Amino acid sequence: MATLDTPHAEPRGRREAHKAATRRALQEAAHRMFEERGYARTTVRDIAAAAGVTERTFFRYFPSKEDLVLDETLDLAPVMRARVIARPAEEDPYAAVLGAALDLVSDGGVGLMFSGPPQRFPGQPVRQFLPVLGQFETELAQAVRERLARHEPDAASSLRAAVLARAAVGAIRSALFAYAALPEGERTLAVAEELLRTAFGHLRTG
């Protein structure tokens, strides 16, 4: 029986599809195991075994467990952008970002973010995380500006969109940190959603 570790002997299109399937299988396995065991107690070997591949295969796709989480965040950026743009016209920018974030949490789209990764990655330089965060903020700022241009054209400056987007990302990250600090038994979908709503409420009230 063929497995995800089967050597590639297929045409290029099939090889690319196989690589994409393997990568996604590793991400989904990590998601499940982080939820079951927590981030710190899940090893690369655990993730590879759950995905049906070897550790060697894991490292062909991700240099480390931390990089898998960062890669998931990069994948999430265009999805978040599209969802913010698609939110109802009557929502202000913060409401649109919050609604998009809640939808993604509900759909499992931010599972790796809300399943217990650490607030920082031990042994990883901060500069490794900053480009990922910057790209996420840039995608979100573009979405906010597009909404402003459509619904508030006189106030659709790049600076305003960037400020609103980065503040919203700060609220999302703060909710994530609060979630990660909870005992594992208290980490539920409902708690994640409530933390997001509370964090965005603080944006409005100061």
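Student: Starting with Phe58, is that residue buried or exposed?
Tutor: Phe58 counts as buried because its relative accessibility is 0%, where buried means under 20% relative accessible area, exposed over 50% and partly exposed in between, for a 1.4 Å probe and protein chains only. This is a predicted model, in which local features need pLDDT of at least 70 and side-chain atom pairs count only at pLDDT 80 or more, while totals for chains, interfaces and linings use all residues. Residues are numbered from 1 along each chain as its sequence is written, and side-chain values use heavy atoms, with hydrogens and water left out.

Student: And what about Phe59?
Tutor: Phe59 has a relative accessible area of 42%, so this residue is partly exposed.

Student: How many aromatic pairs are there?
Tutor: The count comes to 3 aromatic pairs, taking Phe, Tyr and Trp rings (the six-membered one for Trp) with centres within 6.5 Å, and calling planes under 30 degrees apart stacked, over 60 edge-to-face and the rest tilted. The planes of Phe58 and Phe59 stand at 85° with ring centres 5.4 Å apart, so that pair is edge-to-face. Ring pairs also join Phe58, Phe59 and Phe62 into a cluster.

Student: Which ring does Tyr94 pair with?
Tutor: Tyr94 pairs edge-to-face with Phe200, at 6.5 Å between centres and 75° between planes.

Student: What else does Phe200 touch?
Tutor: Setting aside neighbours within four places in sequence, Phe200 is in contact (heavy atoms within 4.5 Å) with Tyr94, Val97, Leu98, Ala168, Ala171 and Ile172.

Student: Which residues have the most contacts inside the largest nonpolar core?
Tutor: They are Met80, Val84, Val97, Leu140, Leu196 and Phe200, in a core of 35 residues, a core being buried Ala, Val, Leu, Ile, Met, Phe, Trp, Tyr and Cys joined through side-chain atoms within 4.5 Å. At least two residues of this core come from each of helix 4, helix 5 (93-107), helix 6 (126-151), helix 7 (158-180) and helix 8 (189-205). Another core of 15 residues lies apart from it, and Ala29, Phe34, Val44 and Val69 are among its members.

Student: Switching to helix 2, what do its buried residues pack against?
Tutor: Val44, Asp46, Ile47, Ala48 and Ala51 are buried in helix 2 (residues 44-51), and the buried residues of this helix pack against helix 1 (12-37), helix 3 (55-61) and helix 4 (65-86). After helix 2 comes Gly52, with a positive phi near 80°.

Note on methods. Helices (H or I, at least four residues) and strands (E, at least two) are DSSP runs, numbered from the N terminus.
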